[in-house]
Amino acid sequence: MTTSNPLPPKERMRIPRQRMPEQPAGERRENFAEVNLGLSAALAHQEALRCLHCKSHHCFTGCPVGVKIKDFIELILVGDFLGAAAKIREDNVLPAITGRVCPQEDQCEGCCILGKHGEPLAIGYLERFVADYERQTGQVGLPPKAPPTGKRVAIIGSGPAGLSAAGDLAQRGHQVTVLEALHEIGGVLIYGIPEFRLPKQIVHEEVENLRRLGIEFRTNVVVGRTVTVDELLGEEGYDAVFIATGAGLPVFLNIPGEHLCGVYSANEFLTRVNLMKANQFPAYDQPIYDCRGKAVAVIGGGNTAMDAVRTALRLGAQTATIVYRRSEVEMPARIEEVKHAREEGVQFLTLANPVAFLGDDRGWLTGLKCQRMTLGEPDKSGRRRPQPVPGSEFEIPAQVAVVAVGNQGNPLVQSTTPDLKTNPLGYIEADPDTLRTSKRGVFAGGDIVTGGATVILAMGAGRKAAQAIDEYLKNGKW
Ligand code: FAD
Ligand code: SF4
């Protein structure tokens, strides 16, 4: 593809990466509104001018769903923002979401040649810009839909895996019903990632677009309780089932004092605020421990931990501290989240691991007993293994603690579907190419197969499942 970029490559490389306008740190820690404000058309054009349009376009290989990055950048350069959004939607149905939450530094931007000599192209910012332009002009086009096939598919779970599978299957003419245990659609996008990173209105709009495609959404349906997989395939008459129930079961530290009042799992803490609006108590009737003026400690170094600690600040915490057993270099959170957290006043206590929660005689949390850590050889994750330093215990005060050290697969569907094979960690076994499970007509994908991963990987799994389900519905072969 030729480019309409008027600048020679050397000049393009002299343009600095454009900065994302954002709410000032001092202001935003007082509110839940979105931190990043989005690029203007002029900033987006300036950023697009930096693209070298290299032949090898490594960025494309870095995107798990293969967004045609070079092509959409070219459309930005000629001012065709709707065309750019449509180009992205060919491979990614939720661009306003991925433009905001993808860990671009490990994916598309991590492979950008510009990054070898300076800062990579801001692909995520550009993706967000065109997706927002499309939304704000109300011109989100519906993809073409094949004639009805008469086949019915049930999708269990409405996170990014379930939503992307639903969209693709509806486009292929199948009748799709999404069954969701919670009262709102969106999975982690709704109950986990806070408003200040991903406004819920965006998720609602994307769900509305899927509804317009004819997808039926049923909330408050707990598969395994309200209905089982066998009933879906039997009396309910579905031809195939896709399980996309995610990894929402919190992992705890299993250390003394974890039962104390004031200790939360990150899932509970974030769900109370994001989904049930505990930050607006008593206007909404969901309470949360009053963090105002308190010391809050969040244990973990991933996106979930950053979301929890920044939420605690916005709830009025006097101090909000990340306690992480490795160093900052090993933190799995997106770089931008760590930067934003630091700017907002979050404190980082690294190379420290809690060994006990401390409480008063009424059962309320008063602090954490921690141990200093040092880093040893890399473990199988490639990160250096933390090792305790003997005799290094120390205490920090905390009236609220949030445990954000990981999640496991939601177990209910597996435990109520006897012929569904799981691995020793409880995740569903599925063929990596077809996402078929051990049970005929049942497919699985997203975090319930891989363990906690990313939004775009879950969406990629949803697309793969839709393709495989479509083939199965057409030829009946298993
Ligand atoms: P989920 O999004 O977990 O959705 C599963 C859905 O299934 C849920 O709605 C659940 O209620 C429903 N369900 C479960 N059991 C049943 C049942 N029995 N019956 C009916 N419904 C059921 N990734 C990124 O790329 N960038 C980020 O910035 C990022 N931040 C994150 C922040 C937090 C706080 C968390 C928790 C995760 C974050 N992730 C991030 C990871 C990402 O959100 C997940 O990898 C992704 O959402 C997985 O998608 P999924 O569709 O597999 O599952
Ligand atoms: Fe990059 Fe994510 Fe967009 Fe792919 S979907 S181009 S990884 S921001």
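Helices (H or I, at least four residues) and strands (E, at least two) are taken as DSSP runs numbered from the N terminus, and the expected span of a helix is 1.5 Å times one less than its number of residues. The structure is a predicted model, in which local features need pLDDT of at least 70 and side-chain atom pairs count only at pLDDT 80 or more, whereas totals for chains, interfaces and linings use all residues. Residues are numbered from 1 along each chain as its sequence is written, chains are lettered from A and ligands numbered from 1 in the order in which they are written, and side-chain values use heavy atoms, with hydrogens and water left out.

H10 has twelve residues and reaches 17 Å from its first C-alpha to its last, close to the 16 Å expected at 1.5 Å a residue. Eleven of these twelve residues are buried (under 20% relative accessible area, with a 1.4 Å probe and protein chains only), so H10 is largely enclosed by the rest of the structure. Among the buried residues are Pro160, Ala161 and Asp168, and just after H10 Gly173 takes a positive phi of about 95 degrees.

Helix H10 (160-171), helix H15 (303-314) and helix H19 (455-475) each supply at least two residues of the shell around ligand 1, and H15 gives the most, with three residues. Polar contacts are pairs of N or O atoms within 3.5 Å; a backbone N or O atom of Ala161 lies 2.9 Å from an oxygen atom of ligand 1, while a polar side-chain atom of Glu180 lies 2.6 Å from an oxygen atom of the ligand.

Notes
A polar contact is a pair of N or O atoms within 3.5 Å; within protein, one must be able to donate a hydrogen and the other to accept it, and residues adjacent in sequence count only if both atoms are side-chain atoms. Buried means under 20% relative accessible area, exposed over 50%, partly exposed in between (1.4 Å probe, protein chains only).
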